[in-house]
Amino acid sequence: MHLKLKIERMARLAGHGLRALADQDHPLLAHLIPIRRCNLSCGYCNEYDAVSKPVPLEVMLRRVDLLAGLRTAAITFSGGEPLLHPALDALVARARSHGMFVTMITNGYMLSPEIIGGLNRAGLDHLQISIDNVEPDAVSMKSLRLLEPKLKWLSELAEFSVAINSVLGAGVQNPKDALTVARRARQLGFQGSVGVIHDGHGQLQSLSGIEKELYQAIKSLQGWRPVRLNRSFQDNLAEGRPNRWRCRAGARYLYVDENGLVHYCSQQRGTPGIPLERYTRYDIRREYLAEKSCAPYCTVNCAQQVAIADNWRAPQRALAAVPRLDPTPAAAGIPAGDIQLAP
Ligand code: SF4
Ligand code: SF4
């Protein structure tokens, strides 16, 4: 990666970080789903189907613009498999045009030199691939051997940073593979991390003795990486201990599904379930203060990472006890959508 590009990226991130500390009224990260379909069918996954069509480009561009209107700092495109969307480059470029930090999560199967070149030109900042095993098995085809050529192309061609996430827990058949994956990521010069997989409800299943040992071995390989600001969260999850934190989903972290509805996260779809074009700063303020009962054993890593910016701020309470901070946009005489563009 070019040094100039790296410095520009760090400077942009630092600017977003300072703004996050100064102002709590905007999302730090939104996950945006351009397509629900996936080309794989991992046994533990509840986030894909086999039939959905890509969301039309104009609709997706509008959603990116609406998130920019909410002053969102970063967008992650995920799915399903986001590379199945035929205009992903255009979405990345649009998000970058708003000054956002732009990342994607992919299973890597569709990567090619041409696709990587397109993502470079669009200005992608970061890409994450999760690799579950060395050889494919009945649970997952996200396998080191099958992805090896893609990883080589990434190491040679990508102008964005790359992180390889190895996984433990929730029925991974050969937990030792996680260490092999982490070692290979390091050889290729990628960022590495280890995630504790959640069950179908986003909640923790305890790691076995061998999995805990492997977790420690992978951790000692990693060194400090900016992709793992929340190391103590992961340590607690590996040990089966609850975390004490304030989940700011619905405020600092948004999950916008393929229908344009805003949810807390992939594991709490349906709440609050408000269309993005009607999501306002008042919704952000309400959800910022709302306590999430699922927080102690949550494994949604990105929500935990962004929560670090606010863990020291305002205590939370049950949603029903959050004071009504706002009139609805309609009651305030403000057309839905416009309110997001207010400074
Ligand atoms: S590749 Fe990702 S989205 Fe697709 S089935 Fe596997 S975990 Fe789910
Ligand atoms: S704690 Fe927050 S991120 Fe985790 S499952 Fe609950 S709502 Fe989602």
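**Close-up views of a predicted model**

The model is predicted, with local features requiring pLDDT of at least 70, side-chain atom pairs counted only at pLDDT 80 or more, and totals for chains, interfaces and linings using all residues. Residues are numbered from 1 along each chain as its sequence is written, while chains are lettered from A and ligands numbered from 1 in the order in which they are written.

**View 1. Packing of α4 and α5.** Helices α4 (residues 113-122) and α5 (residues 144-157) pack at about 40°, their axes 10 Å apart (helices: DSSP runs of H or I, at least four residues; strands: runs of E, at least two; both numbered from the N terminus; axes: lines fitted to C-alpha atoms, for helices over the stretch in contact, with angles from 0 to 180 degrees between N-to-C directions). P113, I116 and G117 of α4 meet W153, L154 and L157 of α5 (contact: C-beta atoms, placed from the backbone, within 7 Å). The residues of this contact are 5 nonpolar, 1 polar and no charged.

**View 2. Two cis peptide bonds.** G79 and G80 are joined by a cis peptide bond with omega about 5°; G80 is placed in the loop between β2 (74-77) and α3 (88-97). The bond from T271 to P272 is also cis, omega being near -10°, and P272 belongs to strand β9 (residues 272-275).

Key
Contact = placed C-beta atoms within 7 Å. Nonpolar A, V, L, I, M, F, W, Y, C, P; charged D, E, K, R; others polar.
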